[in-house]
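Please keep the sequence and the model in view while reading.

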Amino acid sequence: MLTSDLLKCIADPQRLRILNLLEAGPLCVCHLQDILDAPQVKISKQLAMMKPLGLIAAEREGTWMIYSLQEPADGLLQANLDYLRKSDSAECGQLQADLKAREKLVKKLTKQPFDCPAPVCETIGCC
């Protein structure tokens, strides 16, 4: 992957937010929808754009499609996410809020019986 492709990818706020969330662990599209308050079509389009770049991996689990960061994560992506989460940039607040929303979702899932896919369940311990 070209560096310019990665930088173009993270220049989009929606894709940046998705990558930030996936760094914390795998999620399905429905979880991303809840956190980002965006329609499934929009999120799926962004995921489809990132997959050929080798940034994310997709795994089907029954009717669920689980997305995660490609292992090992690209060093430039990691450095940019780390910087943006700690900087005084406008993105910092949004990325931190997204991670808090993810934590809240994880807590909700762990408190109620939920039929979620194994890769997500293993990460958050909800089932």
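In which helix do Arg85 and Asp82 both lie, and how many residues apart are they? Both belong to helix α5, where three residues, about one turn of the helix, separate them. The model under discussion is a predicted one. In this model the side chains of Arg85 and Asp82 form a salt bridge, with an N to O distance of 2.9 Å. Asp82 counts as partly exposed because its relative accessibility is 28%, whereas Arg85, at 13%, counts as buried.

Arg85 has a further partner. Its salt bridge with Glu23 brings the closest N and O atoms to 2.6 Å. Glu23 is located in helix α2 and Arg85 in helix α5 (residues 75-86), so this pair ties together parts of the chain that are 62 residues apart in sequence. With a relative accessibility of 25%, Glu23 counts as partly exposed. Through shared partners, the salt bridges unite Glu23, Asp82 and Arg85 in one network.

The structure holds three salt bridges. One of them joins the side chains of Asp98 and Arg17, at 2.7 Å from N to O. This pair also links distant parts of the chain, since Asp98 lies in helix α6 (residues 90-111) and Arg17 in helix α2, 81 residues apart. Asp98 and Arg17 are both buried.

Helix α2 (residues 13-23) also contains Arg15. Arg15 is buried but has no salt bridge; Asp12, the nearest side chain of opposite charge, is 4.2 Å away. That distance lies outside the 4 Å limit applied to a salt bridge. Leaving aside residues up to four places away in sequence, Arg15 touches Lys8, Cys9, Gln46, Met49 and Met50. The C-alpha atoms of Asp5 and Met50 are 9.7 Å apart, although 45 residues separate the two in sequence. Asp5 itself is partly exposed, its relative accessible area being 24%.

The sheet may be considered next. Three strands form an open sheet in the order β1-β3-β2, with antiparallel pairing. Its edge strands, β1 (27-28) and β2 (56-61), each pair on one side only. Two bridges connect β1 with strand β3 (residues 64-69) in the antiparallel sense, and Leu27 has Tyr67 of β3 as its bridge partner. Strands β2 and β3 also run antiparallel and are joined by six bridges; here Arg60 stands opposite Met65 in β3. Two residues lie between the strands in the hairpin of β2 and β3, where Gly62 adopts a positive phi near 65 degrees. Helix α2 lies across β1, β2 and β3, and runs at about 90 degrees to β3.

These elements can now be set within the whole chain. It has seven helices and three strands, which follow one another along the sequence in the pattern α-α-β-α-α-β-β-α-α-α. Of the 127 residues, 42% are buried. Among contacts with a separation of 6 or more, 59% are between residues 24 or more positions apart. The accessible surface amounts to about 7000 Å², with carbon and sulfur atoms contributing 53%.

How values were computed: Residues are numbered from 1 along each chain as its sequence is written. This is a predicted model: local features need pLDDT of at least 70, side-chain atom pairs count only at pLDDT 80 or more; totals for chains, interfaces and linings use all residues. Side-chain values use heavy atoms; hydrogens and water are left out. Helices (H or I, at least four residues) and strands (E, at least two) are DSSP runs, numbered from the N terminus. Buried means under 20% relative accessible area, exposed over 50%, partly exposed in between (1.4 Å probe, protein chains only). Contact means heavy atoms within 4.5 Å. Accessible areas come from the Shrake-Rupley method with a 1.4 Å probe; for residues, only the protein chains shown count as cover. Lys and Arg count as positive and Asp and Glu as negative; His and the chain ends are not counted. Two strands pair if DSSP finds at least two bridges between them. Axes are lines fitted to C-alpha atoms, for helices over the stretch in contact, and angles run from 0 to 180 degrees between N-to-C directions.
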